[in-house]
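Hi,

Here is the structure I promised to pass on.

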Amino acid sequence: MSAGPTAGANTASPTDDVVFERRGHLGVVTLNRPKAVNALTFGMAAAMLERLAAWADDDGVATVLVHGAGDRGLCAGGDIVAIYEDMLTGGDSTADFWRTEYQLNALIAGYPKPYVAFMDGLVLGGGVGISAHGSVRVVTERTRTGMPETTIGFVPDVGGTLLLSRSPGEAGTHAALTGAHLSGADALFLGLADHFVPSGNLAALAAALESETAEAAVGRFSEKPPASALGGQRHWIDACYQGDDAEEILRRLRAFDGGASGEAADAASTIEAKSPTAVKVALESLRRAKDLTLEEALEQEYRVGLRFLAGPDFREGIRAQVVDKDRNPQWKPATLHEVSAADVGRFFEPLGERELNLQPKEARNV
């Protein structure tokens, strides 16, 4: 859904990458980089953090709506080309971006007003962070969402480890390790969304939100979603993804139904193509996140993320998938067996003065 002409005060970031509008009692945030599927930048995250904080205390704003310009999606994630270029010179800008982005994720999760996210089209990585933590999350028949980070030698972040750790059974583990693109129905099943609205009705829903409560407007436009394909695969997903041992998970996937080709075997092949380090750290991240608060999970993801910035696989994954596009990453180490428990543990060690520290001091254990 793109932003059309409206009445009221319109403001934008200096580069117009994100536009803020007031329509009746609705505050509208439009991610405005349609050629990049609205990939999130530091400037966009900072502008959203500032404006959402202001609207939280503005009695004239009853509801907030977040959507993407163009017709390709809400947000394809963080700007990974910018992250790649930053890694080549030390990664400090990316660390600053994540700090602001994770603060934004936490603000959204605790927002005092209805926060409506139109999760239409592509909603990946950082796009999940600015939508799935909201209180009113709307998917459509066009939704393609997920946390595909293991494909680029990274792990789910923006609170994604917490969200997926709390999905039914082991479905979140499957989604995290394979990096699969998921439908709107799958997002509902995983707990990443709340309502299904046909994409053709989003403009009318947005107009209704200008004067109606979010509950009334979304309730009027919501429809019964199609069945979740992922939900129909629980029998083998739950059986294969139990435990903390990535190599054992692969063995179970390969052996399921006698080792015949099928969905489990396909999942194994998909995971084997990912960064072995990312797979093991992603699995450990989900297991550790399950009993954390969102703030604690974001702090953990920040520790892990900075370690990936300093290692080889994140840079190599972006190079292979996005920069050179040869789709042939050379992971180091190259196999799961070569990634030890000690290697994984180092990703979670405290950062000292670089800690994110979203928790109030009295609530921190670090």
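The second largest cavity holds about 30 Å³ of space. The search gives 2 cavities of 30 Å³ or more. For the record, a cavity here is a set of points, on a 1 Å grid over the protein atoms alone, where a 1.4 Å probe fits but cannot get out, and lining residues have an atom within 4 Å of a point. Grid points are joined across faces, edges and corners, and the volume is the space filled by probe spheres set on the points.

Before you go further: this is a predicted model, where local features need pLDDT of at least 70 and side-chain atom pairs count only at pLDDT 80 or more, while totals for chains, interfaces and linings use all residues. Residues are numbered from 1 along each chain as its sequence is written, and side-chain values use heavy atoms, with hydrogens and water left out.

Back to that second largest cavity. Its lining is made up of F154, V155, P156, D157, T161, S285, E301, V304 and G305. Helix 14 gives the largest share of this lining, with 3 residues. By type, the lining splits into 4 nonpolar, 3 polar and 2 charged residues (nonpolar: Ala, Val, Leu, Ile, Met, Phe, Trp, Tyr, Cys and Pro; charged: Asp, Glu, Lys and Arg; polar: the others, Gly among them). Helices (H or I, at least four residues) and strands (E, at least two) are DSSP runs, numbered from the N terminus.

Now the rings. How many aromatic pairs does a search of the whole structure find? There are 8, taking rings of Phe, Tyr and Trp (its six-membered ring) as paired if their centres lie within 6.5 Å, with planes under 30 degrees apart called stacked, over 60 edge-to-face and the rest tilted. One of them is Y102 with Y302, an edge-to-face pair at 6.2 Å centre to centre and 80 degrees between the planes. Y102 belongs to helix 3 (residues 92-109) and Y302 to helix 14 (residues 294-310), so to speak a link between distant parts of the chain, 200 residues apart. Y102 is buried at 0% relative accessible area, and Y302 is buried too, at 2% (buried means under 20% relative accessible area, exposed over 50%, partly exposed in between, with a 1.4 Å probe and protein chains only).

F154 sits in the loop between strand 9 (144-146) and helix 5 (160-165) and F314 in helix 15 (residues 313-323), so the pair ties together parts 160 residues apart in sequence. F154 is buried at 4% and F314 at 1%. Ring pairs also join W98, F154, F308, F314 and F347 into a cluster.

On to strand 8 (residues 136-139), which is covered on both faces: V136 and V138 on one side, R137 and V139 on the other, are all buried. Strand 8 pairs in the parallel sense with strand 6 (residues 115-119) over 4 bridges (pairing needs at least two DSSP bridges), and V138 is the bridge partner of F118. Strand 8 also pairs in the parallel sense with strand 10 (residues 195-196), over 2 bridges, where V139 stands opposite F196.

Cheers

Key: On a 1 Å grid over the protein atoms alone, a cavity is a set of points where a 1.4 Å probe fits but cannot get out, and a pocket is an open set with protein on both sides within 12 Å along at least five of seven lines; lining residues have an atom within 4 Å of a point.
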